[in-house]
Amino acid sequence: MTDETQDLPEGPDAAARPRVGVDEWVERVAGGSEAGWQGALRARLERVPLWSKPIAFVLPLGLFPFFTGSDYWMQVGIDTLLFMLLALGLNVAVGWAGLLDLGYIAFYGFGAYGFAFLASGHFGLHWDGQWVIPIVVAATVLLGFLVGLPSRRLVGDYLAIVTLFFLQLFLTILLNADRLSIPFKGQVDFTRGPNGISDVDQLTLFGWRLDSLDDYFYIALAAFALVFVGLAFVNDSRTGRAWRSLREDSLAAELMSMPVNRLKLLAFAFGAGVAGLAGTIFSASQGSVFPANFDVTALITLYAMVILGGFGSLSGVAVGAIVINLALELLRTPEKASWIFFGLLLLTLPFVIRPLGRWLAVAVGTVVFGFVVRALSEQFWERGVEGTTPGLARIDRIVDGWVLVPADPDGLAKVGYLTLVAGVLGLTLLKGWWRTAAFVPVLYLAACVWENVMVGQPAVARYILIGAMLVALMASRPQGLFGTARVEIV
Amino acid sequence: MAKLLELKRISKAFGGLQVIDGLDLHVDEGEIVSVIGPNGAGKTTLFNLITGVYRPDGGEILLENRSLVGLPPHQITRLGVARTFQTLRLFLNMTVKENVMAAAYGRTNAGVLRSILRTPGQRREEREINELAEEKLAFFGQRLMGYRWDQPAYSLSYANRRRLEIARATATGARVLLLDEPAAGMNPKETHEITELIAKLRTDGGYTILVIEHDMHVVEGISDRVVALDHGVKIAEGTFDEVATSPRVVEAYLGTKATATK
């Protein structure tokens, strides 16, 4: 048994030796994708001290009320801030601790109803905000603990199912606890069922009554900034590192002296507390709470925000909340919906069709294809161009001469819609130039379907659009806008 | 020398399979003990029993005369036994330094509230964790230094990942290190390095080490004592030469003459 290392020939001089296997690979994986101005920007951003990061949000958002006079947009602003707050909280459980919590929105509802119970005419309690908010947040944290208890041993899909069940349970209670039978007291109306509680007090903090939307906006903004800084600090502490460790490998974390079960509960409760806080502000700013505010749709919207922004990044999830909430809001109004639709198409397609040359070919091809189809239709199928699109935006007037709009759009709508779905499915099967070529008719069909039906009811179509946007983003950047690319197994 | 870690008549069965069967083992303070044996002999199960991943069916595990049986793994690590894994289990998407810093969890105590408020005590503790991580990483010479601190662990080479696992285990503050095949998958040069490193862990770091290893060069180079396992039973114990020439060990690795020539 000779020592093999002794027998090895002398290596070449260290300087002359190629550096294969030392750093090249690292550079390629970690540095390569971040090279150029993006890498420099990211490196610069990482040097910014933690506490100053929310300033990037707080400054522009703080000026927002000065630029909008309408109550509607103030309401949208408050809504967006609340979603940003929720996204921060969800990021604790899902982004850091890796616990797929599908019941998260229930904590939001619990906070909102908690405030409504303690400060409304429903039970005749009109407590001040400075008492209600800590009590409700503490109660939500406790609820987070309780939900977390049976979930400790569950991971991944199993935890997701249990927490989703918890959300449904919560909604069922909200809807049906308007006629609870309590011994010796008879029937008690606990939640007012589907009618919700609609006489919630305005928030009063130490004698200051918040009675305008601007006040609520700034309160929500302050809450966001505080939670952002607090969470950024926690992320950079031993607790934050332990959360991320257990996301990476919970057995290794346990064996490296981290009490995994306790940390999971803590993450659950922490996220829940943030949701509870958001809930109290929601409740007070709306003046009413309904079970429908906390259903699965809200949950999916919240997840879309966090996925778009990038799990694990506080700034990312906040940006995601702004983008999605604004897009959903703008899509509600037909005048703006078309701009978003065509804008999204133009913005996301370069990610899906690469390189840029192909994308240009598709864009030009689609425009030409449209005029050809339109010309053919005028020759052989005159009914196909008799109608006008119901769209109201200027862009609708522009594309009106390009898409097919029959006098009775219903027929084309139904066939077109199904064909579109089939076409998109077909796209996923094709490769290379076939795929590029197939984009042309599919895009044209999408424009036709949009102009014929969807533009008339963008409030319905908007979720489809947001979904399509997410799919396109996930295909090109699975970690979300601001997330860090994760490696599962190497 | 005092017995630091002592196992008395440890048993563990998975269903009908007796993986560890009445095993006695002890590691003295400052000693390096190697556990060898063919695949399936129960070596990794032994580590899992000591660190609390599994609970033994019977027997006693003592660290400085304190029983470890029934304690959760994180508590056992806090008491002073940390390990590495045969199949690497790093926190791949965290940076090299964070991997080591995370392992200091058990020896620090700033709570969430103190972290949110950034109290002076918490900041001092953070600085200490930082210094601790840098010190532990510096143990490996230039291998895990400088720009590597801020790289994600997945970008490390295989050998460096093994080193990082050892660094992480030392950061827990443990006095006993259980190394599960530290030289697996390494080339001869790296194997030689890891042999020296384990020796250095004892002399400079003051660790007591129990190591599972298949590479006999490593075992020969580092061990004060070698324990050979087969089917969960200790078949030989002693110096490397004694164990390597023991007929039962040869039989376990190569089979008996009759079966070998069949």
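1. Helices (H or I, at least four residues) and strands (E, at least two) are DSSP runs, numbered from the N terminus. By that assignment, A:Leu226 belongs to helix α9 of chain A, residues 213-235. A:Leu226 is exposed, with a relative accessible area of 64%; here buried means under 20% relative accessible area, exposed over 50%, and partly exposed in between (1.4 Å probe, protein chains only). Between the C-alpha atoms of A:Leu226 and A:Phe145, 81 residues apart along the chain, the separation is 23 Å.

2. The model is predicted: local features need pLDDT of at least 70, side-chain atom pairs count only at pLDDT 80 or more, and totals for chains, interfaces and linings use all residues. Residues are numbered from 1 along each chain as its sequence is written, chains are lettered from A and ligands numbered from 1 in the order in which they are written, and side-chain values use heavy atoms, with hydrogens and water left out.

3. Chain B contains 11 helices and 10 strands. Its C-alpha trace spans about 70 × 40 × 35 Å along the principal axes.

4. Of the 262 residues of chain B, 54% count as buried. Contact means heavy atoms within 4.5 Å. Among the contacts in chain B between residues at least 6 apart in sequence, 68% join residues at least 24 apart.

5. The interface brings 47 residues of chain B into contact with 44 residues of chain A. About 4100 Å² is buried between the two chains, with carbon and sulfur atoms giving 61%; buried area is the accessible area (1.4 Å probe) that two parts lose on being put together, summed over both. In chain B, the residues losing the most area to chain A are B:Asn93, B:Tyr105 and B:Tyr154, together 17% of what that side buries.

6. Four salt bridges are found across the interface of chain B and chain A, the criterion being a side-chain nitrogen of Lys or Arg within 4 Å of a carboxyl oxygen of Asp or Glu. A:Arg244 forms a salt bridge with B:Glu98, and the closest N and O atoms are 2.7 Å apart. By class, the side of chain B that touches chain A has 22 nonpolar, 14 polar and 11 charged residues. In this scheme Ala, Val, Leu, Ile, Met, Phe, Trp, Tyr, Cys and Pro count as nonpolar, Asp, Glu, Lys and Arg as charged, and the others, Gly among them, as polar.

7. B:Glu126 lies in helix α5 of chain B and is buried, with a relative accessible area of 13%. Leaving aside neighbours within four places in sequence, B:Glu126 is in contact with A:Asp236, A:Ser237, A:Arg238, A:Arg241 and B:Met101.

8. B:Asn65 is not a glycine, yet has a positive phi of about 65°; B:Asn65 is in the loop between β4 (58-63) and β5 (66-67) of chain B and is exposed, with a relative accessible area of 67%. B:Glu181, also not a glycine, has a positive phi of about 50°. B:Glu181 is placed in the loop between β7 (176-180) and α7 of chain B and is buried, at a relative accessible area of 9%.
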